[in-house]
Amino acid sequence: MIYTVTLNPSLDYLVHTEALRPGRLCRTDGETLHPGGKGVNISLVCAALGLPTRALGFIAGRTGALFASLLAETGVEYDFCRLDEGMTRINVKISSHERTGLNGAGPEIPPAALIELAGKLDLLGEGDWLVLSGSLPAGVPADVYARMLSRVQGSGVKTVVGAAGDALKNALPHEPDLVKLTVNELNALIGGAPHSPSGLAACGCELQRAGAREVLIVCGTEGAVLVPTAGQALYLACAALGAAQQPVGMSDAMTAGWLYAREQGLSDAETLRWAIAAGSAAREAAWMPSRTAIEQALAAVGKPRTV
């Protein structure tokens, strides 16, 4: 089972308008509402690929109830802790000639709720995956991911961390099986991240020396660098498909593609191909991609090159 933790999930309200004119009334010509958040997105794509998954985290208020009902419609299992105060955030994504995002803050997480969530991790065992992904909401200490990793350490649970800043720094000594981050997150972590595949691979090796076993660096719509546990680092450009629908969840889909490939026991090169295919399919989809869309994208993905 792949368990994902999203500490600050969201209702993602995607709207399209011909022209966004600040200070004036604008009408939409298309809109959708989906359950979102990085870990939730990963669960959605894992489920599409046929992997058993359960989403964990926090929900609050009426928006939290709506979030849960929408997630239930997708078929993804979930076990969220319900908070007594606040509301699950709403993230507004406006697509016009440019894309504009307005992300809500979300509820403050009390210490008792963190203890409740941590207790759910005791259900994980040999062969399960724990995926910790996303930013930290108010009231959550920077070592929260490190604490969760420590709780499952030695139980045979495999781990993935998709985070930035201190949350990632604190997690690294607990040797996550995969660290996934974007170039922007890497730049914020080390200051002045290189943009060449070889430079990014070198940064990935530094993260391995700090504790990560495998590193996936997402280069936006350009592709990704994979630094595996053993062997040479690989770079692969994104598949060239049609015009992008939206970028939401592209990086999360790559994590799901990586998980699928590793669960199938595929090679490093095939693992990166699946990650790129899932990310490319997410970029072309109106929301999270289906397995069919990912397989179609995979056919357009070339062979990774070593860096």
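Trainee: Leaving aside neighbours within four places in sequence, with which residues is Gly249 in contact?

Mentor: Contact means that heavy atoms lie within 4.5 Å. Setting aside its neighbours within four places in sequence, Gly249 is in contact with Asn41, Ala282 and Met288. This is a predicted model, in which local features need pLDDT of at least 70 and side-chain atom pairs count only at pLDDT 80 or more, while totals for chains, interfaces and linings use all residues. Residues are numbered from 1 along each chain as its sequence is written, and side-chain values use heavy atoms, with hydrogens and water left out.

Trainee: How far apart are Gly249 and Asn41 in sequence and in space?

Mentor: They are separated by 208 residues in sequence, and their C-alpha atoms are 6.3 Å apart in space.

Trainee: Where does Gly249 lie, in terms of helices and strands?

Mentor: Helices (H or I, at least four residues) and strands (E, at least two) are DSSP runs, numbered from the N terminus. Gly249 lies in the loop between β13 (234-237) and α8 (250-263).

Trainee: Is Gly249 buried or exposed?

Mentor: Buried means under 20% relative accessible area, exposed over 50%, and partly exposed in between, with a 1.4 Å probe and protein chains only. Gly249 has a relative accessible area of 9%, so it is buried.

Trainee: Why is strand β1 described as largely enclosed by the rest of the structure?

Mentor: Five of the five residues of β1 (residues 2-6) are buried, and therefore the strand is largely enclosed. Ile2, Thr4 and Thr6 are buried on one side, as are Tyr3 and Val5 on the other.

Trainee: Which strands are joined to β1 by bridges?

Mentor: Two strands pair if DSSP finds at least two bridges between them. Five bridges join β1 to β4 (residues 53-60) in parallel, with Val5 opposite Leu56. Four bridges join β1 to β8 (residues 129-133), also in parallel, with Ile2 opposite Trp129.
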